[in-house]
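Student: I am new to this and would like to learn how to read aromatic rings and RNA contacts. Could we go through them together?
Tutor: Gladly! Let us look at the structure first.

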Amino acid sequence: MSSRTPTSPAASSAHPTPSLATRLRTDAVGVFRGEDAGREVTLTGWVHRRRDLGGLLFVDLRDRSGLLQVSFGPDWTEAGGLESAHGLGAEDVIRITGELRLRPEEARNPELPTGDVELQARTLTLLNSAETPAIPVYRGPGDELPAEELRLRYRHLDLRRAELQRNLLLRHRLILATRNYFHGLGFLEVETPMLTKRTPEGARDYLVPSRVHPGEFYALPQSPQIYKQILMTAGFDRYIQIARCFRDEDLRADRQPEFTQIDLEASFVGPDDILEWVEGLMAEMAEIAGIEAAPPFHRLSWAEAMDRYGSDRPDLRWELEIRDWTRVLGTADSAILRGAVEGGGRIRGLRLPGGASLSRRQVEEIEAAAKAAGAPGLLWAKRTADGGSGPLARWLEESHWTGLEAAEGDLFLVAAGADRITSPALSATREAAIRLLELPKVREHAWLWVLDFPLFEEEDGEMWANHHPFVLPHPDDADRLQDDPLSVRGIAYDLVYNGSELGSGSLRIHDPAVQRQVLRILGLDDGEIDRKFGFLLEALASGAPPHGGIALGMDRIVKDFLAAPSLRDVIAFPKTTAARALFEGAPSPVESDELMELHLERREKSAKGNNTSSPEPESPA
RNA sequence: GGGGCUGUAGCUCAGUUGGUUAGAGUGCCGGUCUGUCACACCGGAGGUCGCGGGUUCGAGUCCCGUCAGCCCCGCCA
């Protein structure tokens, strides 16, 4: 038995591919190399491409392992096989028996892993013919991909492409590695329900009507959060699940309504236990994906991240940092700057050496990004040979320029006011400036932990849990919980890779009294608390161990490791931005008797204008 | 819910200031071809210009509406 190099598209490390031989074939097509010449094989696969020279005919045979050229000719192919080979079309499914031969020296193809050999077909069997594919599987150099709508509509064809096969193979290997890794650490995989109780806060739930209980609904889980905490109280001290989660919110390129989390929780842990486990997992995953991850990862407190980068998930591939110029510029004779400082705000900004080369139009593009992030405006100035230019420059005396440590050619981008406004604006400014100036990266793979998030945030006078209501208050801050809750940090941590949030976790409250207190701060009265969280409080009161965990976004991990443009490229059957499945056509209307059984009634959507109600393919009259 | 981009042959795209019969490449069909690998060459078929309405002598092109896909804001504890 010869051990061959696997040629699957994502085989980037020594991960052995088992033989794909079956009763119908002796091998997969992509495994063959020069040393296999002389072997008698039977292979199956799809017709990828055909080159018909009349007397000679070549077919690129494809399966998930790769491509292999099959040659047909009168000297080695049975007459019947030769004749039907001329009629083969793209995506026909065939089976070929013949001998692997070294290709003539001048006819080898160095671009193909199997390019030194070809299968000389003796017999050909058409296992299934294919209609002309609606979208091509083959993609020539310079060919654009078909429209995304068509790729989703004909997903069975799009998924035949090597790129998507490679993506899903990597995904498989990462999931497998995850299970092995946590198994090795003593974690147990426990499944939790998909038909669950509606969660009172957070994202919109997908609801499932109950047939046996009129008017009542299950919810699909947004995450197994409460279940895993209950598993901790039950004594399963290390839990893991590759968990499917659902949130009925509008989509983005990095957001699908249905997604997969690596969900874990452990008892009797400190935050560093979780962080180190996850760092170890990321190191293993990164190695599989061929990217760099060297624990321990850099750590920033939430406050520091907001201060230096304006974001709770800064992209540290670039070093550019926000500076505090409150002292330096607070003396400038500008109403905006003075007002900001007098109002208790700060003056912060970015210094961009060489940034003065940007056109006014480009600087305005940066300002537009800041405004889109909620800033009323952005002040800017260029340091030039004869002083300065830009809206900010008129307020600047020479002493200000000195305080800014300005050099000729610098661009200064400044925002003034409360941090909660200027931080997001400066983060957007930072990203736009990096893009427009094409600043060089200082590293290709930036791993980061962001720690100590505030427990609460206030919006329109209401208190909200920053993460979720179960995060353990930081012990140093716990005495302020009642009087100054907004200043209380949680023992919480986010994993950030290249500016993308890959995971989020915390230690949890295990004292039912503290849990009740936090829920009260969030505005729930005791009745609501018992109704909505009674089962959790009951579990905590039964002797819950200190515990904590994290949830990592599997889809995003695969997407970011592949630098794929969209989550749709790492999910086999994704939804569109309108949450539709174009291939199978979900969601779809149901018959009214089915609705009746579920105690539901369809309400006509009130029509706009003087249109009557929308047409509905209901029961035929 | 809001903003933006896109929609023309199976696929990818062009289509000028509103003006004769809407084009190209590829795929498809037919033919020639024994070392191709984006095979080559010859010939052919293929169109509800997303859909509906309007302006106009005349609309792929202008206007209004609508549908779909994508990107963004809101939303996503």
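Student: Does Phe583 count as buried, partly exposed or exposed, and at what relative accessibility?
Tutor: Keep in mind that this is a predicted model. Buried means under 20% relative accessible area and exposed means over 50%. Phe583 has 36% relative accessibility, so Phe583 counts as partly exposed.

Student: Which class do Phe470 and Phe533 fall into?
Tutor: Phe470 is buried, at 5% relative accessibility. Phe533 is buried too, with a relative accessible area of 3%.

Student: How do I read a pair of aromatic rings?
Tutor: A pair of aromatic rings is described by two things, the distance of the centres and the angle of the planes. In this model the count is 12 aromatic pairs. Phe470 and Phe533 make one edge-to-face pair, with 5.8 Å from centre to centre and 75° between the planes.

Student: Where in the chain do Phe470 and Phe533 lie?
Tutor: Phe470 is in the loop between strand 19 (462-465) and strand 20 (492-497), while Phe533 belongs to helix 14 (residues 526-540), so this pair ties together parts 63 residues apart in sequence.

Student: What kind of pair do Phe573 and Phe583 form?
Tutor: Their ring centres are 6.4 Å apart and their planes are at 40°, so the pair is tilted. Both Phe573 and Phe583 lie in the loop between helix 15 (554-562) and helix 16 (592-597), 10 residues apart.

Student: Which residues form an aromatic cluster?
Tutor: Tyr181, Phe182, Phe187 and Trp277 form one.

Student: Which charged ends sit over the rings of Tyr138 and Tyr154?
Tutor: Over the ring of Tyr138 sits the charged end of Arg49, 3.8 Å from the ring centre. The charged end of Arg153 sits over the ring of Tyr154, 4.7 Å from its centre.

Student: How many residues surround RNA strand B?
Tutor: RNA strand B is surrounded by 50 residues, and the closest are Asp52, Arg103, Ala107, His467 and Thr577. Of the RNA strand B atoms that come within 4 Å of the protein, sugar and phosphate account for 54%.

Student: Which part of RNA strand B do Arg49, Gly55 and Arg103 approach?
Tutor: Arg49 has a polar side-chain atom 2.6 Å from a phosphate oxygen. For Gly55, a backbone N or O atom lies 2.9 Å from a phosphate oxygen. Arg103 places a polar side-chain atom 2.3 Å from a base nitrogen.

Student: What classes of residue make up the surface near RNA strand B?
Tutor: That surface has 21 nonpolar, 12 polar and 17 charged residues.

Key. Residues are numbered from 1 along each chain as its sequence is written. Chains are lettered from A and ligands numbered from 1 in the order in which they are written. This is a predicted model: local features need pLDDT of at least 70, side-chain atom pairs count only at pLDDT 80 or more; totals for chains, interfaces and linings use all residues. Side-chain values use heavy atoms; hydrogens and water are left out. Rings of Phe, Tyr and Trp (its six-membered ring) pair if their centres lie within 6.5 Å; planes under 30 degrees apart count as stacked, over 60 as edge-to-face and the rest as tilted. Helices (H or I, at least four residues) and strands (E, at least two) are DSSP runs, numbered from the N terminus. Buried means under 20% relative accessible area, exposed over 50%, partly exposed in between (1.4 Å probe, protein chains only). A charge sits over a ring if NZ of Lys or CZ of Arg is within 6 Å of the ring centre and within 35 degrees of the ring normal. A residue is near a molecule or strand if one of its heavy atoms lies within 4 Å of it. A polar contact is a pair of N or O atoms within 3.5 Å; within protein, one must be able to donate a hydrogen and the other to accept it, and residues adjacent in sequence count only if both atoms are side-chain atoms. Ala, Val, Leu, Ile, Met, Phe, Trp, Tyr, Cys and Pro count as nonpolar, Asp, Glu, Lys and Arg as charged, and the others, Gly among them, as polar.
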